[in-house]
Amino acid sequence: MSKNLVIVESPAKAKTIEGYLGKDFTVKSSFGHVRDLPEKGMAIDIENGFKPTYEITPDKIKVVNELKTLAKSSEEVWLATDDDREGESISWHLKEALGLADNTKRIVFREITKNAIVKAIQQPRTIDMDLVNAQQARRLLDRLIGFELSPVLWSKVKKGLSAGRVQSVAVRIIVEREREIETFVTKSSFKLTAQFALDGNKILQAELPKNFESLADARSFLEKCIGANFSIKNLETKPAKKSPSPPFTTSTLQQEASRKLGYSVASTMMYAQKLYEAGKISYMRTDSTNLSEEAIQKAKEAITAQFGEHYVQTRQYKTKNESAQEAHEAIRPTDFSVTTAGADPKEKRLYDLIWKRAIASQMADAQLERTTATIRISTTPEELLAQGEVIKFDGFLAVYLESKDEEEDEENAKMLPPLHINQALNLDTMKATEKYTRPSARYTEASLVKALEERGIGRPSTYAPTISTIIKREYVVKEDRPGKEREFKELALRKNTITERVGKENYGAEKGKLFPTSVGMVVNDFLVNNFKEVVDFKFTAEMENEFDEIAQGKVEWSEMIGQFYQGFHKTIEDSKSIDRSTASSVRELGIDPNTGKVVSVRLGKYGPYAQLGDAKDEEKPIFVNLPKDKLLSSITLEEALALFEKPRLPREIGFYEDKPLVVGAGKLGPYVKHDDKYVSLEASDDPFTIDEARAIALIEAKRAADAGGNLGDFEGSAITTGKGRFGPYVKHDNKYYSLAKTDSLTTITYERAIELILAKRNQEANKYIKEFPENESIKVVNGLYGPYIQIGKRNVKIPKDMVAAELTLEDCIRLGEEAPATTKGRKK
């Protein structure tokens, strides 16, 4: 056994580091967090300084036991998790779970290179409890808010909802943008452009620096230009420069990878993590734009070698974000001479982006020359402008140019052809085209990260999980949506004749945008009206600042939580008196002209729906689910009535075994009824389009499930299905495996059944710390209250001075014999 045990949180990181250390070091992975708050219950003692109760997560019990054994046989243990608050928290939980001393060595590094690892080993420290407490405060605060606020949403809005601190603010940002778009009033104006034909088949493009408010005004101007002479009145040339952007922080990497590569925020972090663990880039969770002097020197050498010394201009950027967590470096290559890295094409594209951005940040400014030509019109005092740009020295542009969120808004400066003052120009075409104002763009993942960062909400490690959570909870959807068609008018002056045409254009098409759902909007409105602090931008940002102060040792974490909880809990108690009707999502749209019944939309147990009629009417109301692109807050009466024109439920779709097949919808969702028996439709089935063949297939699948179907053989034994007192199951080798909530007997496949079997075996493998093939009745079990020995039906306590994982079969037998005959030990 090696003298030194180094523990990291990732197997890939462990493999890379082990290659840099000698035979005296063994590097093992904890596979992430090993302890957390239990899934059920609050697990926070509010009366005792918000003391949390942590438990080893079930899937890490075996890992922890293995690390315990290795730690006991090693002379020194080194905790080498990531150099941020979450990494510090993982190290602390490892220390607690493994029973390590408080002075256990903690090493940190910002890149996984041999020099960085050796240097870290030479400069160990102990666990920084300020950083741990900052992360702990965030975790506990989020648990308190979710645990107390979610039940309020269940009772006042809809069952199954949940609320989170940063997630709720992110949803609010998206909802407010959607409402801004809903209320936006589009206005049109006419933009005037002109093209002049020059010698050598060259074209000079110019425009009027103002728009006309009406078609009549645009026509009047064109009429003035009939027969006019055009000439160059003035030429103004000015030098200009463009400077490179700073190297990437976490948020700017996420934004740029979304814009340039089309990666989601989560994908970007996954690829960056792999590059970091392979030792190719520095740590990818950072809000600093700094580069070390060594990194700047290496970048300078790479630039000089590839482009020459005149392309070098070293800089040290100042981080704009005053709340940056620690004095870390920006994201950069660990070796600037390596221009390509990554295990697959997507990793390589991300590395290329990081390399170019970091290299460009230390390159010379681009030197430009901008020219503006003023064009005189003989018949009117208005003047046209033509603008162009020439790159005199490309500088950093030889490598990289930052993208923008709205590409269409960027100026696409072109070179102007050779011109001189008083040069006569020959007008080819002058157009006045109708243009429409546009609302602010909906958020992409990248622009949402930017909005959160600008408001001081969240930190580098929280952006990706925040977005993933609000999409998973279906408060927000990320999708493409088609545009709509509209007409525009255009006047054209050509050869002293004005023509008018009406054209068509598509507008409003969305790609990869974040849209709030009806559920998201209802929850947001309820929180804004009743829990303003939870979704207040300034309050949430100030809370982040308090986490920073805890990390700096300026604030005691439990006091910070206590100050928040006192007011928050009072608001929770006061919310019990909120009338459920005030949180009602019911919205009356008007009257159906054909039936005279009220048309309304509302939020139900299974999502938003439209209702024709009232429950008080003699005739039962008709219901139809809202499509995902229609919101409770904005759907119109006409749009709702169109939904009711579809086939209505219940509807007869055919016959089977001489009995009708009827599709309907009930409290438990859509179904097909046959022979007075009901079979639920699957999530992929549309009750308005399901056909006879599909309905029969569902009925037969239900019958097979009820009878206990055979899915096939596995390891020489049949896998069968059935339904018992505890719900549906698969059975294999006389053992029963319950189906997950997302599974059903009608859809369970052979492959999925094997997944369930293997998952349960893995879980049971973690249950037993040690088994003895020579005596299967004796096991060392990892119990709820600690390890114990199981001998047949007897449970025997393990003395405190003995390590469960090190017990031999002889030890177990001896302890069983020494235990009093009347002692049964603890129960399982």
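Modeller: The structure holds 48 salt bridges (side-chain nitrogen of Lys or Arg within 4 Å of a carboxyl oxygen of Asp or Glu). This is a predicted model: local features need pLDDT of at least 70, side-chain atom pairs count only at pLDDT 80 or more, and totals for chains, interfaces and linings use all residues. Residues are numbered from 1 along each chain as its sequence is written, and side-chain values use heavy atoms, without hydrogens and water.

Take the pair in helix H6. Glu180 and Arg177 form a salt bridge, with 3.6 Å from N to O. Both residues belong to helix H6, residues 165-182 (helices are DSSP runs of H or I, at least four residues; strands are runs of E, at least two; both are numbered from the N terminus). Glu180 and Arg177 sit 3 residues apart, about one turn of the helix. Glu180 is partly exposed, at 39% relative accessibility, whereas Arg177 is buried, at 17% (buried is under 20% relative accessible area, exposed over 50%, partly exposed in between; 1.4 Å probe, protein chains only).

Helix H8 has a pair too. Arg259 bridges to Glu256, and their closest N and O atoms are 2.9 Å apart. Helix H8 covers residues 250-261, and Arg259 and Glu256 are 3 residues apart in it, so about one helical turn separates them. Glu256 is buried, with a relative accessible area of 0%.

Now helix H19, residues 750-767. Glu755 and Arg752 both lie in this helix, 3 residues apart, or about one turn. The two form a salt bridge, with 2.9 Å between the closest N and O atoms. Glu755 is partly exposed at 47%. Arg752 is also partly exposed, with a relative accessible area of 24%. Some bridges share partners: Arg138, Asp142, Arg165 and Glu544 are joined into one network in this way.

Next, acidic residues in a patch. Glu588, Asp614, Asp617 and Glu618 gather as negative charge on the surface (patch residues have over 30% relative accessible area and no salt bridge, with like charges joined within 9 Å). Asp614 sits in the loop between strand S21 (607-612) and strand S22 (622-625). At 33% relative accessibility, Asp614 is partly exposed.

Now the wider picture. The protein has 20 helices and 34 strands. Of its 828 residues, 48% are buried. The C-alpha trace spans about 115 × 80 × 55 Å along its principal axes.

Strand S1 (residues 4-8) and strand S7 (residues 76-79) run parallel and are joined by 4 bridges. Ile7 stands opposite Leu79 in S7.

Last, a contact across the sequence. Ala366 lies in strand S12, residues 366-377. Ala366 is buried, at 0% relative accessibility. Ala366 and Pro244 are 122 residues apart in sequence, yet 8.4 Å apart in space, C-alpha to C-alpha.

Note on methods:
Two strands pair if DSSP finds at least two bridges between them. Patches are made of residues with over 30% relative accessible area and no salt bridge: like charges are joined within 9 Å, nonpolar side chains (Val, Leu, Ile, Met, Phe, Trp, Tyr) within 5 Å. Accessible areas come from the Shrake-Rupley method with a 1.4 Å probe; for residues, only the protein chains shown count as cover. Lys and Arg count as positive and Asp and Glu as negative; His and the chain ends are not counted. The place of a charge is taken as NZ of Lys, CZ of Arg, CG of Asp or CD of Glu.
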